[in-house]
Amino acid sequence: MAHLKTRADVEKMRIAGRVVHRAIQTAGKAVAPGVTTAQLEDIASSIISDSGGTSPFLGYAPQGHPPYPAWTCISVNSEIVHGIPGRYVLKAGDIVSIDCGAEIDGWIADSAWTFPVGKISPLAERLLKVTQDALFKGIAQAKAGHRVGDIGHAVQRHAESHGFSIIRELTGHGVGRTLHEGLQIPNYGSRGRGTPLQCGMTFAIEPMISAGRREIGCLDDEWTIVTADGSLSAHFEHTVAITTNGTEILTNGE
Ligand code: MF3
Ligand code: CO
């Protein structure tokens, strides 16, 4: 099901996207040993509310889940996504993903970035680079005339060629008037398969990649998704629009 956007719609999503970018990057600059994940939430949520935005995450309640209790998801080390900010104190060597959405004037953008805390291991460095590069390889395939499977194929091939695993239970998604609309964008797939991509589509591409095995678990908070084997996991996400100008990234601050 396609929710096609006009040029004006895309520009409104870009306004939300700029706020999301600023929230994540400002919180990211505060990442350091001794900082709590709740402090990162405070920084990001203040930027969104000061910009006249609200959170599409806060109160979000898919069937069978308690309402999500924060404006950001902050996921450390073996936490893949949907970590709830709180008292955890970051320490050198951790990696921390900050995932954040904003709704402004009825339009939503969604993005995530994983940051190193102090000096991290060579494995963690490699995981961050490979996951970030996988995102951009996926974005490069997101163009009119391609299919959803072309994105997943590019992401999967890059991750697996480095010995890492794709998390399969969670996907990218259409985004616009609502946080999750229309398409799912898996981070694995086959070239030339899946829904055709066309101008006016807007969606989030978000590789979640484990340095170990791909199986997942969920913590008792009913939100935090972790790697079952405790291995490190990284997450990078951009909201993109397919337009007559090509593929535009709406959450890179431009
Ligand atoms: N960026 C995530 C997603 O797109 C976060 C949403 S979970 C929420 O699915 F509950 F926080 F909204
Ligand atoms: Co998302």
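**Figure 1. His 82 is partly exposed, with a relative accessibility of 22%.** A residue is called buried at under 20% relative accessible area, exposed at over 50%, and partly exposed in between, as found with a 1.4 Å probe on protein chains only. The model is predicted, so that local features need pLDDT of at least 70 and side-chain atom pairs count only at pLDDT 80 or more, while totals for chains, interfaces and linings use all residues; side-chain values use heavy atoms, with hydrogens and water left out. Residues are numbered from 1 along each chain as its sequence is written, and chains are lettered from A and ligands numbered from 1 in the order in which they are written. His 82 sits in the loop between β2 (79–81) and β3, where helices (H or I, at least four residues) and strands (E, at least two) are DSSP runs numbered from the N terminus. Although His 82 is not a glycine, its phi is positive, at about 65 degrees. Most residues other than glycine have a negative phi.

**Figure 2. A second residue with positive phi, Glu 222, is not a glycine either.** The phi of Glu 222 is about 70 degrees, and this residue is placed in the loop between β10 (216–218) and β11 (225–227). With a relative accessible area of 42%, Glu 222 is partly exposed.

**Figure 3. The largest pocket holds about 560 Å³ of space.** Of the 26 residues that line this pocket, Tyr 60, His 82, Leu 170, Thr 171 and His 180 are the closest to its centre. The lining divides into twelve nonpolar, eight polar and six charged residues, where Ala, Val, Leu, Ile, Met, Phe, Trp, Tyr, Cys and Pro count as nonpolar, Asp, Glu, Lys and Arg as charged, and the others, Gly among them, as polar. The search runs on a 1 Å grid over the protein atoms alone: a pocket is an open set of points with protein on both sides within 12 Å along at least five of seven lines, a cavity is a set of points where a 1.4 Å probe fits but cannot get out, and lining residues have an atom within 4 Å of a point. Grid points are joined across faces, edges and corners, and a volume is the space filled by probe spheres set on the points.

**Figure 4. One cavity of 30 Å³ or more is found in a search of the whole structure.** The largest cavity has a volume of about 80 Å³, and of the twelve residues that line it, the closest to its centre are His 3, Gly 174, Glu 181, Leu 183 and Thr 202. Six nonpolar, four polar and two charged residues make up the lining of the largest cavity.

Figure 5. Glu 206, in the loop between β8 (202–205) and β9 (208–210), and Glu 237, in the loop between β12 (233–235) and β13 (238–243), are 31 residues apart and link distant parts of the chain. Both Glu 206 and Glu 237 are buried.

**Figure 6. Strand β1 (residues 72–76) is mostly covered, five of its five residues being buried.** Thr 72, Ile 74 and Val 76 point one way from β1, whereas Cys 73 and Ser 75 point the other way. Strands β1 and β3 (residues 95–104) run antiparallel and are joined by five bridges, with Thr 72 standing opposite Cys 100 in β3; two strands pair if DSSP finds at least two bridges between them.

**Figure 7. Thr 54 lies in the loop between α2 (37–50) and β1.** At a relative accessible area of 42%, Thr 54 is partly exposed. Apart from neighbours within four places in sequence, Thr 54 is in contact (heavy atoms within 4.5 Å) with Ile 48, Trp 71, Gly 101, Ala 102 and Glu 103. The C-alpha atoms of Thr 54 and Trp 71, which are 17 residues apart along the chain, are separated by 8.4 Å.

**Figure 8. Five strands form an open sheet in the order β7-β6-β8-β13-β14, with antiparallel pairing.** The edge strands, β7 (184–185) and β14 (246–249), each pair on one side only. Four bridges join β13 to β14, and Ile 242 has Thr 247 in β14 as its bridge partner.
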